[in-house]
Amino acid sequence: MTDGPNPAPRLSPVHRILIAALVMDLAVAMMGMGVQFLGNHLQARPSVLGWLGTISPLAYTLLCLVTGRLSDHLGRRLLVSVGCLVCAIAWLSMTQASSPLQLLAILPFSGSAIAMFWPPLQAWLSEVTVGGRERLVQNIGGFNIAWTVGLMCGPVLAGVAWHLGTGAPFTIAAALVLGLLVLLQTIPDEVEGGGEEAPEERDHKRPDGDVARRFLHLAWIANFASWFGRGLNIVVFTKLGTEMGLHQSTIGATVATFLAGQLAMFAYLRNRSGWQYRLWPLMVALGAGGGAWLLAYFARSPWSFAAAFALGGMGAGVTYVSSLYYSLEGQAVSRGARTGIHEAVLGSGVFLGPLSGGFVADVLGLREPYIMAALVFAAVAAAVYLAWRQMRGSIARRAARNHLEVTGQ
């Protein structure tokens, strides 16, 4: 017999971080799609829509190089909290914008605030993870699923909210991050045993530092291509779908299929091993991404666009998991700096994709940016393969020198 009902179990720090990831990207996606809807409402040209999709990622890319490293010294909570507060202020100010130029003036503040959030939060996830690399892979998988669900639902909700008023997507997004600010105060800075190897892993053979560093760089390059394609697509398909006469909610749902494909890959990789420090997953992912944008060029219905976007999302799921895993697996002292670079590289893709896509759409037509995206994937795949070949050659030469030194020949 007990004195009363058992108390409800509290959410673990990891689960609270997963909730934070979901809520933030739900809000970011609502704001981003709202910017595109508002830009179209204000009759912005495709090139201006490209700038509306570019200026925030540019600020994000530059600030991520600073905020991740800064969080290694100042702590994670301070930066993510300030980021939430500035996001809310910036997004509420967008409700008063009456021209594309006013939106362009606000968006750098939004991108800078988001940069205060993601690199510290990713490093924070590693520091509250107990159980070594296997648990880290699982938690990264849960983290990726959480923010992808947020990004996937955000465009759909933005399409629905748009019909409540032009300021509704921004107001709802601001309310979400203010609630998130409260949640963040309940997460401990670290937990006992967090961020450490499991005892059974300490004698496990790991790639040497040079190999691990090279694969980190390869994953960063591949992930750039994935986010270049995604950033380009949001700007291009929003305008293309509008000209095809599609409803805003249909446009949002179609764009979200990219994230549905990404989500499926995150769920698949969460409990899989054997892909780490292998070239073929990155090459298959880049092939899927390039093929996806070629399919999008020929698509003529929402269903065919959705199939292409889902394929691109599956490829992006592989490159993102690889990039984040290699960033978090190394030394604890520089996790924030590496996650900052991870986010800056993908941010540069999100920055360059809309910018170049908007320009090509203005000059050549609304479908031609998809051809450009496929060419970018082909170039990145070639660069990754050549870098891998150079790495293999370097390792072989080093092994030969070591053999000669040991044998005295």
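**Entry 1: Asn144**

I began with Asn144, which is found in helix α7; helices (H or I, at least four residues) and strands (E, at least two) are DSSP runs, numbered from the N terminus. I noted that this is a predicted model, in which local features need pLDDT of at least 70, side-chain atom pairs count only at pLDDT 80 or more, and totals for chains, interfaces and linings use all residues. Residues are numbered from 1 along each chain as its sequence is written, and side-chain values use heavy atoms, with hydrogens and water left out.

I then asked: is Asn144 buried or exposed? Asn144 has a relative accessible area of 0%, so I recorded Asn144 as buried; buried means under 20% relative accessible area, exposed over 50%, and partly exposed in between (1.4 Å probe, protein chains only). Leaving out residues up to four places away in sequence, I found that Asn144 touches Phe266, Tyr320, Val321 and Leu324, where contact means heavy atoms within 4.5 Å.

**Entry 2: Confidence**

I looked up pLDDT, the predictor's confidence in each residue, from 0 to 100. The protein chain averages 85, and 89% of the residues score at least 70.

**Entry 3: Ala253**

I located Ala253 in helix α10 (residues 248-269). Ala253 counts as partly exposed because its relative accessibility is 34%.

**Entry 4: Cavities**

I searched the whole structure and noted three cavities of 30 Å³ or more. On a 1 Å grid over the protein atoms alone, a cavity is a set of points where a 1.4 Å probe fits but cannot get out, and lining residues have an atom within 4 Å of a point. Grid points are joined across faces, edges and corners, and a volume is the space filled by probe spheres set on the points.

The largest cavity holds about 620 Å³ of space. Among its 33 lining residues, Val28, Pro57, Leu151, Arg230 and Val350 are the closest to its centre. Which element gives the largest share of this lining? I found that α1 does, with eight residues.

The second largest cavity holds about 40 Å³. I listed its lining as Arg230, Asn233, Ile234, Val255, Phe258 and Leu259. The elements giving two or more residues to this lining are α9 and α10.

Key. On a 1 Å grid over the protein atoms alone, a cavity is a set of points where a 1.4 Å probe fits but cannot get out, and a pocket is an open set with protein on both sides within 12 Å along at least five of seven lines; lining residues have an atom within 4 Å of a point.
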